[in-house]
Amino acid sequence: MDSNPALLIVGGSVAAFALINGAAGLLPMPESALRNRWKWRNICTSLVHSVVTGVWALLCFYLHPRMAQDLIGTYSPSSHCLVSVSIGYFVHDFTDMLRNQRLQHSWELLFHHSVVISCFGISVCLCRYVGFSVVALLVEINSIFLHLRQILLMGNMHRAVAFTLNSIVNLGTYVVFRISTLAWMTRWLVLNRDNIPLLIYGIGSAGMAVMTVMNIVLFYRLLRSDFLKPSREGKRLKEKKI
């Protein structure tokens, strides 16, 4: 590329997701979600980002398979644009949480977003490691079901069949698109450490360490909430009957 349009795309993406956030407030909202309109809008906006970037990431590798063989220097205009659009979303979501949520409730996500913005920012500015960033965006396939889970919970549908089915798919895609992807990315970093400048390698390794810890914690929370908790409640009921 003769010029880098990243800044323009990121700015347009921030504006676009702000508009999507506003439009989400116009959608029909379950009564149980009325007490937290901001969270409803925020989750709907995040769902749009996950659907768009998750599918887009898969298409990038399908349409440009050479990128999978060289995650450092090979990329397409579409993949570069994808990473820039995603930066715009994370910038929007970061500022949205700062304005509307207490720091004690949002610090984990704010920290996550800071790491992602930093790593993706290096990628689009240098036009290097774009393929690696696109691999990272494959986790958004799982995020679709994570956000659907939150929407179903806000709609007070935690006992519905739809919630049970989503929980099963969510857990499956969590293992395939999140845990497996992060493990593969960590392995790739280790194997390619001689091809990456020390500073970039350090930032990437730190980012992967943070993401791995956060995702292990989230996986445990999901298991406990969606699968282990009902079992514990059933056990208590049996004990009461006895």
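**Helices and their neighbours in a predicted model**

Helix 2 and helix 7 run roughly antiparallel to each other, a label given because angles over 145 degrees count as roughly antiparallel, while those under 35 count as roughly parallel, 65 to 115 as roughly perpendicular and the rest as oblique. The structure is a predicted model, in which local features need pLDDT of at least 70 and side-chain atom pairs count only at pLDDT 80 or more, whereas totals for chains, interfaces and linings use all residues. Residues are numbered from 1 along each chain as its sequence is written, and side-chain values use heavy atoms, with hydrogens and water left out.

Two packed helices are described by the angle between their axes and the distance between the axes. For helix 2 and helix 7 (residues 140-154), the axes come within 8 Å and cross at roughly 155°, where axes are lines fitted to C-alpha atoms, for helices over the stretch in contact, and angles run from 0 to 180 degrees between N-to-C directions. The helices themselves are DSSP runs (H or I, at least four residues), numbered from the N terminus. The crossing of helix 2 past helix 7 is left-handed, meaning that the near helix is turned anticlockwise from the far one by less than a right angle.

Helix 2 (residues 37-63) also meets helix 4 (residues 77-100), and here the axes come within 10 Å and cross at roughly 165°. This pair is therefore roughly antiparallel as well, and the crossing of helix 2 and helix 4 is left-handed. Helix 4 in turn packs with helix 5 (residues 103-126), their axes coming within 9 Å and crossing at roughly 150°, so that helix 4 is roughly antiparallel to helix 5. Helix 4 passes helix 5 in a left-handed crossing.

Helix 1 (residues 6-24) has 19 residues and reaches 26 Å from its first C-alpha to its last, close to the 27 Å expected at 1.5 Å a residue; the expected span is 1.5 Å times one less than the number of residues. Its buried residues are Ala6, Val10, Ser13, Phe17, Asn21 and Ala24, where buried means under 20% relative accessible area, exposed over 50% and partly exposed in between (1.4 Å probe, protein chains only). Seen down the axis of helix 1, these buried residues fall within an arc of 75°, so they line one face of the helix. On the other side of helix 1, Leu8 and Leu19 are exposed.

Ile196 lies in the loop between helix 8 (161-191) and helix 9 (198-241), and at 8% relative accessibility Ile196 counts as buried.

Definitions and conventions
Helices (H or I, at least four residues) and strands (E, at least two) are DSSP runs, numbered from the N terminus. The arc is that of the directions from the helix axis to the C-beta atoms.
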